[in-house]
2 protein chains.
Amino acid sequence: MIDINFQKQIAFIKEIDKLKYIQRKTSLFNSNRHENDAEHSWHLAMMALVMSEQSNEKVDLLKVIKMLLIHDIVEIDAGDTFLFDTTKSHDNTEEELKAAKRIFGLLPEGQAEELITIWEEFEAAETAEAKFAKAVDRLAPMMQNDSNNGGTWKEFDVPYETVIEKKKKIKEGSEIAWDYAKGLVDDFYQK
Amino acid sequence: MIDINFQKQIAFIKEIDKLKYIQRKTSLFNSNRHENDAEHSWHLAMMALVMSEQSNEKVDLLKVIKMLLIHDIVEIDAGDTFLFDTTKSHDNTEEELKAAKRIFGLLPEGQAEELITIWEEFEAAETAEAKFAKAVDRLAPMMQNDSNNGGTWKEFDVPYETVIEKKKKIKEGSEIAWDYAKGLVDDFYQK
């Protein structure tokens, strides 16, 4: 006789396998193979793990890692929205909230509430943890684009000012990461 | 002028992108698409996040998640060794230790030491955290095989006793996970 909470956790674990099919616009380093949301989320969690000392404010690392592991799970239902998409907002909150409630809702009630709250905290980008997690999420594709001769900046003809506008919030999470990231953009657009 | 520790962290983050190319024998749920080590590591970290209450002993969740995020990084150099491989041990420690030292060695010294130590703790499977992390790592492919009409058990004609022998250590990390996992094996081999 298997515990009901355990059964719910198993159902959730099976459901989130679908994140491995959600393709991002960004490609792997030095590659044209597009990245999926699951491997992207792993990479961001690793970045937080090794870079947390670069956060402007002291952060609860476990919370940052939780945010990054779960931040794209809503895309199983809502799909990936490209940061530089000019027709659809990146933050399609209503559709994503519905997705969060359905998917995290597979878990036991207390866990579902915890993960929805953490996901909302990430989206709001107001706490130290959320600001740093957002900085990491914004930095990774810039490093990938840099390795891919401009990557999505070039592919979608994104103007320099748009990249800076969309990315400058990195500074709120990590000054040093922003210095580095802005350098990558400046180098590419000077060429 | 960018900090030297930050530069080392960036070099490490770029290097571990290669984990996304390491293919496992196991396929995604209800699929014949093979899984890569990065998305596998993400999925295990998520399992630990939602299932830590199922550990036999109380665990430090952050440490368990660190173990699972990094546990396969050595395979960038050493390659994936299949659990049921009859010609090569799954624990090719010498080759893997060399890989750990090279890859984690890209980080600032203190961080490199921390991650090598955590990886060794995982491999030794003696602490509560390592036993639970190992249980999660062994459970995931069993769930995948169950969803894929036997998956690698069927593909490689693995005898029932071998599966039980290789997997029974799940019980040391989580009794409830082992009851569930053994049930999956029994169901498949009865068919």
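How many residue pairs are in polar contact across the interface of chain B and chain A? The rule finds 24, with both residues at pLDDT 80 or more; a polar contact here is a pair of N or O atoms within 3.5 Å, where one must be able to donate a hydrogen and the other to accept it, and residues adjacent in sequence count only if both atoms are side-chain atoms.

This is a predicted model, so local features need pLDDT of at least 70 and side-chain atom pairs count only at pLDDT 80 or more, while totals for chains, interfaces and linings use all residues. Residues are numbered from 1 along each chain as its sequence is written, chains are lettered from A in the order in which they are written, and side-chain values use heavy atoms, leaving out hydrogens and water.

Now the interface itself:

| Feature of the B–A interface | Value |
|---|---|
| Contact residues (heavy atoms within 4.5 Å) | 49 residues of chain B with 49 residues of chain A |
| Buried area (accessible area, 1.4 Å probe, lost on being put together, summed over both) | about 4,400 Å², 74% of it on carbon and sulfur atoms |
| Salt bridges (Lys or Arg side-chain nitrogen within 4 Å of an Asp or Glu carboxyl oxygen) | two salt bridges |

Glu35(A) and Lys20(B) pair up in a salt bridge through their side chains, at 2.7 Å from N to O. On the side of chain B that touches chain A, α2(B) gives the most, with 11 residues; helices are DSSP runs (H or I, at least four residues), numbered from the N terminus.

Notes
Buried area = accessible area lost by both parts, 1.4 Å probe. Helix = DSSP H or I, 4+ residues; strand = E, 2+ residues; numbered from the N terminus.
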